[in-house]
Amino acid sequence: MAVPLLSVENLSLNYHTRQGLVQAVAGVDFEIRHREALVVLGESGCGKSSLAKTLMRTLPRNAGRPEGRVLLEGEDIMALDEERFRRQVRWLRIALVMQASMNALNPVVRVGEQVAEPLRVLRGWSRVRAQERAAEVFDLVGISTDFLTRYPFELSGGMRQRVVLAMALVTDPQLIILDEPTSALDVLTQASIMNVLKRIKREQGTSFILITHDVATSSELADRVALMYAGQIVETSSAAEFFREPAHPYARMLMDSVPRLHQEARPTHIPGQPPSLLDPPSGCRFADRCPQRFDLCERDPGAFRKGDRRRVRCWLHAGGSQLS
Amino acid sequence: MSHATSAARVDADQPLVEARDLRTWFELRQWGFMRLGSVKAVDGVNFSLRRGESVAFVGESGCGKSSLARTLLGLHQPTEGDVIFEGQSMARLGRRGMRDYRARVGYVQQDPFGALPPFLDVRRILAEPLKIHGVGRSERERRIRAVLEEVRLSPADDYLRKFPHMLSGGQQQRVVIARALILEPSLLIADEPVSMLDASVRVEILDLLYRIQQRRELTLAFITHDLSTVRHFADRIFVMYAGRIVETATVNELLDHPQHPYTQALLAALADPDPDNALELREVPGGEAPSLLNPPPGCRFHPRCPKHMPGVCDVEDPENFEPRPGHLSACLLHR
Ligand SMILES: Nc1ncnc2c1ncn2[C@@H]1O[C@H](COP(=O)(O)OP(=O)(O)OP(=O)(O)O)[C@@H](O)[C@H]1O
Ligand SMILES: Nc1ncnc2c1ncn2[C@@H]1O[C@H](COP(=O)(O)OP(=O)(O)OP(=O)(O)O)[C@@H](O)[C@H]1O
Ligand SMILES: [Mg+2]
Ligand SMILES: [Mg+2]
């Protein structure tokens, strides 16, 4: 079988805080194949951004040393030193559109320059050549090249989101990680940004990790879905499996909480709250909110394999073979 | 209480609140003195809300939803038009009248995290409005406990001494709702009450609001940019675009038979979760919502409208038509 584009094995990350260790990412496994879009879906605080920052090595200073392996086309990029990571991987092969980055554009630099910057810094391209490429990616994300010379404040939120997307595309990376790219935007703007992503995926063959808390948005791009809960991935499925027949009890309850435009069934909420990541339970982290809880749930289920690529972290699915 | 007598002569069919050709414009200046024009945030809004109904105002960011809410609350003075509350014109309320009016209209402001003062505990947060309205100590305590029960922060003793940062986002929003309810308003305006919350908490808060609305028979005006949340929590929908209401109907009627091209575009842009969504592009009208400083002439949606009739839509300002019984839409196609 072909080597996956990215394969993440038992990745963990803690933050040091005055209250103790926050276990933001706790033993995460997944893989992405070429041209595939994986959605990392999960509610606020479950560790999605921490996962993205761990992969890109852009962690804040109070973060501990990440554990686990991250293989990019088979090469362990966690083992690279910072300089090589910067020269070979970050932005060139994996780009990240950070959460709320459309509000973090440099206010005094024209957006065209900002989009061209990675090429100038990382590839040493001339200004003219980098600008030409910037114009190309503006086209790709659906902004008129007239906007190259504008400043961020002259652009609407939707336009700025396209600009940060252009910045991620400019080096033609194999993988783009998007952290909540549409959550601050209007319905219509959201839909047009999702259209841009779909088109890029189809035409450029780029792979994506799309991070979102919004179930409906997630279905707009996903080939596969990894559902996170309290620092762990509790289910990894194909989009068809996940949206039609979610397996984990949390996945099912989350789907039932989504209001639907064209359905009479009233959405229902999930009672309770996720556990603190300072002192998470040693067993299943969803157990105390789970209506199907039973005695085994006091122990960590690990991930059970269901079919070729489906994984479910729940004792109810112990019929499959256990991985870890 | 002072409004008991006025409430007595109110008949049930009289609307609770009406907006009549309401306009709220903000003057835009540069360097404090150069007039650049007016932002027409609310620009000719008409509606009438019955007692005990739950309505949703839906529209994109910047279309004037919050400005409308704040005008209804008397926080902005209308540039033109009037708000009629229980038959009384707001423009004619004096200072006392305004104070009484504010007690009758509860407000859940946008941005729940900025909404609670960080240095007050829950008891003080809820006591404050009661003190302002002269409610005595033991009655205050009784009402605070009752309202905490009502928003399901129970037992109340677990919450009374907590500060906002000790509460989850959903719990904070319950405190905000409790504060809006504590003076027993007859109208509750909730501005994006759940947009900052997680999906699983969202439904819980909307359910709570809806149940309180039903039990208290209060009028609930809830503002959102997300049409998918309204189906189960509102009776009627007002769709806003660029400072105006462009379509109104009951929820099912509007969702099942949208008439205005803008509403149709909104609905087409929204997905229910489905794996097939990833397979095709969505139809989205081009362009962006217009500037409220210089809104387009004629129909404000015409520059983006796929059904735009040149020479008509860019000239004539559409009035409300009734393409289906009880269903209003401000679009010249219906003529
Ligand atoms: N620098 C930090 N120091 C300490 N704790 C942190 C830090 N950054 C994040 N956390 C904590 O780690 C956990 C995961 O946070 P993270 O930002 O990764 O979540 P998220 O899923 O991206 O949430 P959101 O949907 O709100 O963006 C949370 O409990 C958060 O409070
Ligand atoms: N106090 C103010 N002074 C000047 N302009 C204002 C003021 N309040 C709002 N505006 C402008 O009026 C327009 C409508 O804003 P409003 O906040 O009412 O929109 P909204 O529909 O609530 O948007 P959102 O969905 O983003 O909350 C915007 O252009 C805004 O910038
Ligand atoms: Mg995040
Ligand atoms: Mg608003």
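In the residue classes used here, Ala, Val, Leu, Ile, Met, Phe, Trp, Tyr, Cys and Pro count as nonpolar, Asp, Glu, Lys and Arg count as charged, and the others, Gly among them, count as polar. On that basis the shell around ligand 2 holds five nonpolar, six polar and three charged residues. The structure is a predicted model, and every value below is computed from its atoms.

## Ligand 2 and chain B

There are 14 residues around ligand 2, and those that come nearest are Ser61(B), Gly62(B), Ser66(B), Ser67(B) and Gln110(B). In Ser61(B), a polar side-chain atom lies 2.6 Å from an oxygen atom of ligand 2. Gly62(B) places a backbone N or O atom 2.7 Å from an oxygen atom of ligand 2. For Cys63(B), a polar backbone atom is 3.2 Å from an oxygen atom of ligand 2. On its own, ligand 2 has 640 Å² of accessible area, of which the protein covers 62%. The most comes from α2(B), with three residues.

## Ligand 1 and chain A

Around ligand 1 there are 16 residues, with Ser44(A), Gly45(A), Ser49(A), Ser50(A) and Asn62(A) coming nearest. A polar backbone atom of Cys46(A) is 3.3 Å from an oxygen atom of ligand 1. Gly47(A) has a backbone N or O atom 3.0 Å from an oxygen atom of ligand 1, and Ser49(A) has an N or O atom in its side chain at 2.8 Å from an oxygen atom of ligand 1. Ligand 1 exposes 630 Å² when taken alone, and the protein buries 70% of that area. In chain A, β1 (6–17), β2 (20–32) and α1 are the elements that give two or more residues to the shell around ligand 1. Here α1(A) gives the most, with three residues. By class, the shell around ligand 1 consists of six nonpolar, eight polar and two charged residues.

| Residue | Part of residue | Ligand atom | Distance |
|---|---|---|---|
| Ser61(B) | polar side-chain atom | oxygen of ligand 2 | 2.6 Å |
| Gly62(B) | backbone N or O atom | oxygen of ligand 2 | 2.7 Å |
| Cys63(B) | polar backbone atom | oxygen of ligand 2 | 3.2 Å |
| Cys46(A) | polar backbone atom | oxygen of ligand 1 | 3.3 Å |
| Gly47(A) | backbone N or O atom | oxygen of ligand 1 | 3.0 Å |
| Ser49(A) | side-chain N or O atom | oxygen of ligand 1 | 2.8 Å |

## Magnesium sites

Ser66(B) belongs to helix α2 (residues 65–72) of chain B and Gln110(B) to the loop between β6 (105–108) and α4 (112–115), so the pair ties together parts that are 44 residues apart in sequence. Ser66(B) counts as partly exposed because its relative accessibility is 22%, between the limits of 20% and 50%. Gln110(B), at 36% relative accessibility, is also partly exposed.

The magnesium ion that is ligand 3 is coordinated by OG of Ser49(A) and OE1 of Gln99(A), at 2.0 to 2.2 Å. Ser49(A) sits in helix α1 of chain A, and Gln99(A) in the loop between β6 (94–97) and α3 (111–123), so this pair ties together parts that are 50 residues apart in sequence. Ser49(A) is buried, with a relative accessible area of 17%, whereas Gln99(A) is partly exposed at 43% relative accessibility.

Helix α1 (residues 48–56) of chain A also contains Thr54(A). Thr54(A) counts as buried, at 2% relative accessibility. Apart from neighbours within four places in sequence, Thr54(A) is in contact with Leu11(A), Leu13(A), Leu59(A) and Pro66(A).

## Backbone features in chain B

The peptide bond from Ser154(B) to Pro155(B) is cis, with omega near 0°. Pro155(B) is in the loop between α6 (137–150) and α7 (169–181) of chain B.

Glu86(B), a residue other than glycine, has a positive phi, near 45°. Glu86(B) is located in the loop between β4 (80–85) and β5 (88–89) of chain B, and is buried, with a relative accessible area of 12%. Glu184(B) is not a glycine either, and has a positive phi of about 55°. The loop between α7 and β7 (187–191) of chain B holds Glu184(B).

Key. Residues are numbered from 1 along each chain as its sequence is written. Chains are lettered from A and ligands numbered from 1 in the order in which they are written. This is a predicted model: local features need pLDDT of at least 70, side-chain atom pairs count only at pLDDT 80 or more; totals for chains, interfaces and linings use all residues. Side-chain values use heavy atoms; hydrogens and water are left out. Helices (H or I, at least four residues) and strands (E, at least two) are DSSP runs, numbered from the N terminus. Buried means under 20% relative accessible area, exposed over 50%, partly exposed in between (1.4 Å probe, protein chains only). Contact means heavy atoms within 4.5 Å. A residue is near a molecule or strand if one of its heavy atoms lies within 4 Å of it. A polar contact is a pair of N or O atoms within 3.5 Å; within protein, one must be able to donate a hydrogen and the other to accept it, and residues adjacent in sequence count only if both atoms are side-chain atoms. Accessible areas come from the Shrake-Rupley method with a 1.4 Å probe; for residues, only the protein chains shown count as cover. Donors are N, O and S atoms within 2.8 Å of the metal (3.2 Å for Na, K and Ca); water is not among the atoms, so sites may look incomplete.
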